[in-house]
Amino acid sequence: MTVAEILTELRDVSRRTFYRWRELGQAPTAFKLPNGELRVWRSDYDAWLRDLEEAA
């Protein structure tokens with residue numbers, strides 16, 4: 001998933017918020033492509049959402 005796809009699924013969370021979550025270690029696990037863009041596996045994103053639900 002691209003960062004834009006994640007932000008859309010999270011109901012338009014700002015890009016800055018997403019990167020802040022990354023700085024704090026609270027975002028889903030991501031990896032960089034050779035061109036520097038971030039991607040998140042759908043399975044990691046889904047697991048991250050499940051963990052948030054369980055913590056609530």
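Trp21 counts as partly exposed because its relative accessibility is 23%, where partly exposed denotes the range between buried (under 20% relative accessible area) and exposed (over 50%), computed with a 1.4 Å probe on protein chains only. The model is predicted, so that local features require pLDDT of at least 70 and side-chain atom pairs pLDDT 80 or more, whereas totals for chains, interfaces and linings use all residues. Residues are numbered from 1 along each chain as its sequence is written, and side-chain values use heavy atoms, with hydrogens and water left out.

Trp21 takes part in an aromatic pair with Trp48, with 5.9 Å from centre to centre and 50 degrees between the planes, a tilted arrangement. Pairs are assigned to rings of Phe, Tyr and Trp (its six-membered ring) with centres within 6.5 Å; planes under 30 degrees apart are termed stacked, over 60 edge-to-face and the rest tilted. Distant parts of the chain are linked by this pair, since Trp21 lies in helix 2 (residues 15-23) and Trp48 in helix 3 (residues 42-55), 27 residues apart. Trp48 has a relative accessibility of 11% and therefore counts as buried. A tilted pair is also formed by Tyr45 and Trp48, because their ring centres are 6.0 Å apart and their planes lie at 35 degrees. Tyr45 and Trp48 are 3 residues apart in helix 3, so about one helical turn separates them. Tyr45, at 1% relative accessibility, is likewise classed as buried.

The chain comprises 3 helices and 2 strands, arranged from the N terminus as α-α-β-β-α. These elements are DSSP runs numbered from the N terminus, with helices (H or I) of at least four residues and strands (E) of at least two. For 56 residues, a compact globule would have a radius of gyration near 10 Å, and the 11 Å of the chain agrees with this; the radius is taken over C-alpha atoms, and the globule rule is 2.2 Å times the number of residues to the power 0.38. Along the principal axes, the C-alpha atoms fill a box of roughly 35 × 20 × 20 Å.

Of the 56 residues, 23% are buried. Among contacts (heavy atoms within 4.5 Å) with a separation of 6 or more, 30% join residues 24 or more positions apart.
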